[in-house]
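Have the viewer ready and follow along.

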Amino acid sequence: MEPIQISYFSDVLCVWAYIAQIRLDELTTVFQNQVAIEYHFVPVFGNAREKLESRWREKGGLKGYSNHVLEAVQKFDHIAVDPDIWTGVTPPSSTSCHLFLYSIQLLETKGVIPKSEKIFEKAVWSCREAFFTKLANISDRAVQFALAEELGLPIAALEQQIDSGEAYALLSKDLELVKEHAVTVSPTLIFNEGRQRLNGNVGYRVIEANIRELLHNPPEEQSWC
């Protein structure tokens, strides 16, 4: 049986995607070769500073949003967040980081770095953790390349993927998919050829139940329920 294809949309600056990473890891551990996750980015924080200052103006601005994030993570003990999140450092945009991450994925696709080591996934987590725990401005290319060096990645090769326009092409493709599937929430999981989706802070058991239903009732044998 072919693995179930899951399209996973998230923004690297999204706290809910940061919280949900443990669920995604558990999913790939439990189901291993039964699921295949295709990573995509949705620019929820594409214009982060202006968006937050505007939408949270009546609720304390950046400080109000910072308090919202801190309240959200209090319910979870598997992650840490700096108390000055979003106020100590406010990255202008997640788009720059998404572009950087796609340059890493391109190196995996081209065989420059081994796909088996899951460097792309590690880099996504590294960027999220750097922002939420160390207040790193992951919009900054210098910060991104410093994280890449920690992962042992070839900086010149990463720059080439960006300078050539190839990383931009992948990012543009994501924007088209975001429009096609009307994705507005991070994280969003889409599977069963777009017929099923799970948005936002969805518990692991809910995700697992959807996967098990598809495994036991493949599309050609749809369950009446």
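Let's begin at a pair of residues: Ser10 stands opposite Phe41 in β2. This is a predicted model, and the pair belongs to two strands, β1 (residues 4-10) and β2, that run in the parallel sense and are joined over seven bridges.

Zooming out, the open sheet has four strands in the order β2-β1-β3-β4, and its pairing is mixed. At the edges sit β2 (35-41) and β4 (196-199), each of which pairs on one side only. On average, neighbouring strands of the sheet are turned by 20° against each other, direction ignored. Helix α9 (residues 204-216) packs on this sheet and touches β1, β2, β3 (188-191) and β4. The direction of helix α9 makes about 170° with that of β4.

| Cavity | Volume |
|---|---|
| Largest cavity | About 70 Å³ |
| Second largest cavity | About 30 Å³ |

The largest cavity is lined by residues including Tyr8, Arg23, Pro187, Gly200 and Ile207. Helix α1 (residues 15-31) gives the most to this lining, with four residues. By class, the lining of the largest cavity has eight nonpolar residues, one polar and one charged.

Around the second largest cavity you will find Gln21, Tyr39, Glu121, Val124 and Arg128. Here helix α5 (residues 119-134) supplies the largest share of the lining, three residues. The lining of the second largest cavity divides into two nonpolar, one polar and two charged residues.

Key. Residues are numbered from 1 along each chain as its sequence is written. This is a predicted model: local features need pLDDT of at least 70, side-chain atom pairs count only at pLDDT 80 or more; totals for chains, interfaces and linings use all residues. Side-chain values use heavy atoms; hydrogens and water are left out. On a 1 Å grid over the protein atoms alone, a cavity is a set of points where a 1.4 Å probe fits but cannot get out, and a pocket is an open set with protein on both sides within 12 Å along at least five of seven lines; lining residues have an atom within 4 Å of a point. Grid points are joined across faces, edges and corners, and a volume is the space filled by probe spheres set on the points. Ala, Val, Leu, Ile, Met, Phe, Trp, Tyr, Cys and Pro count as nonpolar, Asp, Glu, Lys and Arg as charged, and the others, Gly among them, as polar. Two strands pair if DSSP finds at least two bridges between them. Axes are lines fitted to C-alpha atoms, for helices over the stretch in contact, and angles run from 0 to 180 degrees between N-to-C directions. Contact means heavy atoms within 4.5 Å.
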